[in-house]
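Dear colleague,

I am handing over a structure that you have not worked with before, and I would be glad if you could look through it with the notes that follow.

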Amino acid sequence: MVVLAVLLPVVFGALLLLGLPRALGVLGAGLSFLLNLYLFLTHPGGVAHAFQAPLLPGAGVYWAFGLDGLSALFFLTIALTVFLGALVARVEGRFLGLALLMEGLLLGLFAARDLLVFYVFFEAALIPALLMLYLYGGEGRTRALYTFVLFTLVGSLPMLAAVLGARLLSGSPTFLLEDLLAHPLQEEAAFWVFLGFALAFAIKTPLFPLHAWLPPFHQENHPSGLADALGTLYKVGVFAFFRFAIPLAPEGFAQAQGLLLFLAALSALYGAWVAFAAKDFKPDTIISTGEKKFQIRDTVSGQVEVETFGLALKRITDAKAQLQQLIDLQPKLTKDDDKKKVEKAIKEIQDDLSQSLEEFKKARGFDFNAEAITLPSEARLSIQITEEEKKAIEAKAPTAADKK
């Protein structure tokens, strides 16, 4: 049952990435939620629904999964969040496919009972998150990606060394959790293995001062909020401390617990201070573009995103106004040279407007409220300007008194 719960969202996510209808993803999210609700309600206590199969038996690696009470709660929470997101978030099918793929990887992470398999899911769960940011994020997504990848590498490599050291230095015959618990690390080996785990898990928690990747990562995510919700569920750092790091290297934890408690307290106080001092809390800002209204996110850096959004709107509406003026001017022209100049100007503005509309959709995830742009053989551009935009243009137009 646990393997089915892990594979179900992965399969539906893969189908959406191949281009199948978005409704199929909603169905998959719903089935996943119902299955995980059943697993939670019927959980008997202890480690239930255990599954184990050899993966690399010569190296002591096994496909080993099981649900204890904490894992079952995480299963239900993740499945419910994705299902609700699939119902209400205005995202396209491939975005929902990445969310379902991340759901399956997170479920595998919380159910893993083999340390090396846990490490694989720990890293693999980041791939759909990075793709969501790269493909659907805001204008600053590239910098956010580089920052996160840098922090991830800093934590992932020491963690891999700690994973290998946990078995080799303890004398455990496999990477299975029960075998590793039966062979706890001692003295100096325990300290270095715990340090490798602690660095990776502190970054993912995150603890101050290893938190710098988090604000831009969420700030630049898709404005639907689904990626942010999944990121909130990605609390594997704290989970992994208690599931693997502390039980496998208790002596190492004993040496580092003072520092960890200090950083945890400092992180809580620092986070509270930043939240209290912030002028905004990432509220939704309603921006009207003609007859339609869209929600965009303000950011903790101030009004930067709102101003950028406004500039994009102004650039598009100004271009539309110029086009309308040139179109109105065309019938009044009698000279061929003047007609050619106007046609050339129309073509240049049309190209600029097309580029602006494309950039707008790429950055915001939705189309600007405008009719399709066409360029007939007469070089006349037909574009509809809404009544609200006409009134705004007329209000900005200089009066006779202003000209004098």
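Predicted model: local features only at pLDDT ≥ 70, side-chain atom pairs only at ≥ 80, totals over all residues.

In which helix is Glu 187 found? Glu 187 is found in helix 9, which covers residues 187-204.

Glu 187 has a positive phi of about 50°, although it is not a glycine, and with a relative accessible area of 59% the residue is exposed, since exposed means over 50%. His 49, which is found in strand 1, also has a positive phi without being a glycine, with a value near 55°. Its relative accessible area is 27%, so that His 49 counts as partly exposed. As background, most residues other than glycine have a negative phi.

Strand 1, which holds His 49, takes in residues 48-56 and runs antiparallel to strand 2, to which six bridges join it. Within this pairing, Phe 51 has Phe 65 of strand 2 as its bridge partner. The two strands form a hairpin with four residues between them, and in the turn Gly 60 has a positive phi of about 80°.

The side chain of Asp 68 meets that of Arg 243 in a salt bridge, with 2.3 Å from N to O. In general terms, side chains of opposite charge can pair when their charged atoms come close.

Phe 40 lies in helix 2 and counts as partly exposed, because its relative accessibility is 31%, which falls between the cut-offs of 20% and 50%.

Ser 156, by contrast, is a residue of the interior: is it buried or exposed? Ser 156 is buried, because its relative accessible area is 6% and buried means under 20%. Its place is in helix 7 (residues 141-168), and, leaving aside its neighbours within four places in sequence, Ser 156 is in contact with Tyr 119 and Glu 123.

Finally, a word on confidence, which I would ask you to read together with everything above. The protein chain averages a pLDDT of 75, and 74% of the residues score at least 70. Among the elements of the chain, helix 2 (residues 22-41) has the highest mean pLDDT, at 91, whereas strand 3 (residues 284-289) has the lowest, at 39. Over residues 280-307 the pLDDT is below 50, yet this stretch has 62 contacts in the model beyond near neighbours in sequence. Over residues 398-404 the pLDDT also stays under 50, and there the model has one contact beyond four places in sequence.

With best wishes

How values were computed: Residues numbered from 1 in each chain as written. Heavy atoms only, no water. Salt bridge = Lys/Arg side-chain N within 4 Å of Asp/Glu carboxyl O. Pairing = 2+ DSSP bridges. Buried < 20%, exposed > 50% of the residue type's maximum accessible area, 1.4 Å probe, protein only. Contact = heavy atoms within 4.5 Å. pLDDT = per-residue confidence, 0-100.
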